[in-house]
Amino acid sequence: MSEKSNVTRRRFLKATGGAASAVALTGMAGTSGAQQSNQQGSDRTLQLINSTMSTLDPIKATDTASGTVIQQVFDPLMNYPEGKIAVENLLAESQEVSDNFTTYTFTLKQGAQFHNGKEVTAQDFVYSWERLAASENSRRSYFILDSIGVRHQTDGDGNYRPGSLAVNARDKYTLEMELKEPFHSTLEMLSYTSFAAIPEGLVGDVQGYQGEMPYQRFATSNPIGAGPFEFDHWSSNNEAVVTRFDNYHRGRADVAGVRWSIIEDDQAAYTYLMNQNADIGFNEQIPTAQYDPSKVTIQNTDQLGRKSGTYGPVQNGETMNYLAVPTINAFYLGFNTSTVEKPARQAAAYALNQQVAVDQVFKGRGEAAYHFTPPRIYPGGANAYDQHAQNNYPYGYDETQLQQARQVMEQAGYGNNNRYQFTLTTYESTTWQEIAKILRDQLQAAYIDLQLEQAPFSVLLNRGRSGNLQAYTLGWIMDWPAPDNFLQLLYPPRTDTSQSDPLAYTNWSGTQAANQATQAWNRIQNNPAPTDQAERTRNRAYVQIEEANWEDVTFLPVYHRTDERFSYRSISIPKFGAAGASRQMYDTTT
């Protein structure tokens, strides 16, 4: 795996990034690329579609909608170039790692600027990472304190002691970080925008800083980073706009800016794309109801499994460029175990046929999921994933088992005269509503009256964090390409919705399976090194967590989505990789 090869010996790595050359771009809103072909690319704005966003603060954002904008505005030390999972240097010029894998020394690029004209220095990273660890606005403090495990002090209650983080500026361009113990995916994690730099003292939400602006202004209307685009404005239910930063350290972007129209309804998004008001669409913008697999023509499959070709003709008569990428993700039904009884959760698992869902509802735009860990990063790879699921999945591999669903409910005392009821909340998606309706109809035979409701994505997240969901649909897209990035959501203490910012909304505790998952996670945490022996221990523990989840059905995996991109043919944009399109920066789009 790539994270192991990155930290298996002492080395000094050089940056390899560079800006792509410019040609031409797509049309402005409401105007086709053909109609705009006489305009220069440098004057053109890339038109995209997004869903509701929650924040522009890199340490607070947990949703993809916010993250895709943040990715354009803020730069961390490292980056997944074009969403590929082999990291490269971004604001780091080079780095050195000690022989015991615990001390990282980064040399920063000289001359890189923030959007306010200030030069990026090591002290800016010290401040930014202190915010990540200590700010009350941070929802990712565990990234730096627990996952990477930067050395720090705690108080008597085990809370982080502000100012104790072992991150230091040795000089203006040299940043040093000390870990408590080795961690196998350090550079991969540092590529996440939570670790991005902002100017020192910009906001005053950590000790020692009054802040140059109020926090709310920074998080909603004036975020300042060092990325290829400067923030322009965000209207919460309308649009978000960024403009080209002329002094970007990798070179000036060809596009004048990026505008995202915020459209939550998938049919409205589809119409917007078909009217050529957007230059690019993804799965959500050509929703499954309008998607026709017979219109896909594959012309090339590369060594990463990415398929490229054309899609069309579409409703407006155009034939679009097409890209399909097997990204690292998992989409699932989550259950609040404190409000939905285990027999009902198991009955739902017996009733769901994942392969039918992929083939008939999602029209083949992915693969059936039986583990939460995606096949590409599952211990042993995709073949091991399939073999373990075929031999061990307890609820019917590629089949519906309604008799077993009825039986498990009858054993719990339910029947026609004593039916069970709970509510499944989906985000606004016709495909997930279809899945929910199929499950509702099947569970009728198992004495369960499933109630269905929809909620905007941001509302669903807020309700989940407060424990006000019984069952829900969500997906998880990799932050770093290792199983622990996914399975941290199945670590029971992080599912407690009475705590601030739980990772999952399942309140999983007090069962033998929950204890098994907790013990397995602790073994993962106790064996974090980039060594073969530690990796073998982690791999066994990963599988144990998957099996514990099978037992209690806290998450019911549904499918691993294939991410598709549909672009009008006046666009030239690099292929994105397994990290997903939300990790792609648009400075190389022409």
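Predicted model: local features only at pLDDT ≥ 70, side-chain atom pairs only at ≥ 80, totals over all residues.

Trainee: How many aromatic pairs does a search of the whole structure find?

Mentor: Two rings pair if their centres lie within 6.5 Å. With the whole structure searched, the number of aromatic pairs is 37.

Trainee: Take Tyr-127 and Tyr-209: is that pair stacked or edge-to-face?

Mentor: The ring centres of Tyr-127 and Tyr-209 are 4.8 Å apart, and the planes stand at 65°. Planes over 60 degrees apart count as edge-to-face. The pair of Tyr-127 and Tyr-209 is therefore edge-to-face.

Trainee: How many residues apart in sequence are the parts that this pair ties together?

Mentor: Tyr-127 belongs to helix α3, residues 122-134. Tyr-209 sits in the loop between α5 (186-190) and α6 (215-220). The pair therefore ties together parts whose separation in sequence is 82 residues.

Trainee: Is Tyr-209 buried or partly exposed?

Mentor: Buried means under 20% relative accessible area. Tyr-127, at 1%, is buried. Tyr-209 has a relative accessible area of 24%, so Tyr-209 is partly exposed.

Trainee: Which residue lies over the face of Tyr-291?

Mentor: For Arg, the atom that counts is CZ, which must be within 6 Å of the ring centre. At 3.9 Å from the ring centre of Tyr-291, the residue over its face is Arg-365.

Trainee: Ring pairs also link residues into a cluster; which residues are in it?

Mentor: Phe-183 and Trp-480 are two members of the cluster, and both also line the second largest cavity. The cluster linked by ring pairs consists of Phe-125, Trp-129, Tyr-142, Phe-143, Phe-183, Tyr-192, Phe-195 and Trp-480.

Trainee: What is the volume of that second largest cavity?

Mentor: There are 4 cavities of 30 Å³ or more. The lining of the second largest cavity divides into 3 nonpolar, 2 polar and 3 charged residues. Both α4 (141-147) and α15 (512-526) supply at least two residues of that lining. The volume of the second largest cavity is about 40 Å³.

Trainee: Which element gives the largest share of the lining of the largest pocket?

Mentor: The largest pocket holds about 830 Å³ of space. It is lined by 27 residues, and among those closest to its centre are Ser-141, Tyr-142 and Asp-146. Two or more lining residues come from each of α3 and α4. The largest share, 4 residues, comes from α4.

Trainee: With which residue does the side chain of Gln-95 make a polar contact?

Mentor: Gln-95 is placed in strand β5, residues 92-97. At a relative accessible area of 1%, Gln-95 is buried. Its side chain makes a polar contact, at 3.4 Å, with the side chain of Asn-89.

Trainee: Lys-363 and Asn-507 have positive phi values; is Asn-507 buried or partly exposed?

Mentor: Phi is near 55° for Lys-363 and near 50° for Asn-507. Lys-363, in the loop between α9 (354-361) and β17 (366-368), counts as partly exposed at 29% relative accessibility. Asn-507 is in the loop between α14 (483-487) and α15. With a relative accessible area of 17%, Asn-507 is buried.

Terms used: Residues numbered from 1 in each chain as written. Heavy atoms only, no water. Phe/Tyr/Trp six-rings, centres within 6.5 Å; stacked < 30°, edge-to-face > 60°. Buried < 20%, exposed > 50% of the residue type's maximum accessible area, 1.4 Å probe, protein only. Lys NZ or Arg CZ within 6 Å of the ring centre and 35° of its normal. 1 Å grid on protein atoms, 1.4 Å probe; cavity = no way out; pocket = protein on both sides within 12 Å on 5 of 7 lines; lining within 4 Å. Points joined across faces, edges and corners; volume = space filled by probe spheres on them. Nonpolar A, V, L, I, M, F, W, Y, C, P; charged D, E, K, R; others polar. Polar contact = N/O pair within 3.5 Å; in protein donor to acceptor, adjacent residues only side chain to side chain.
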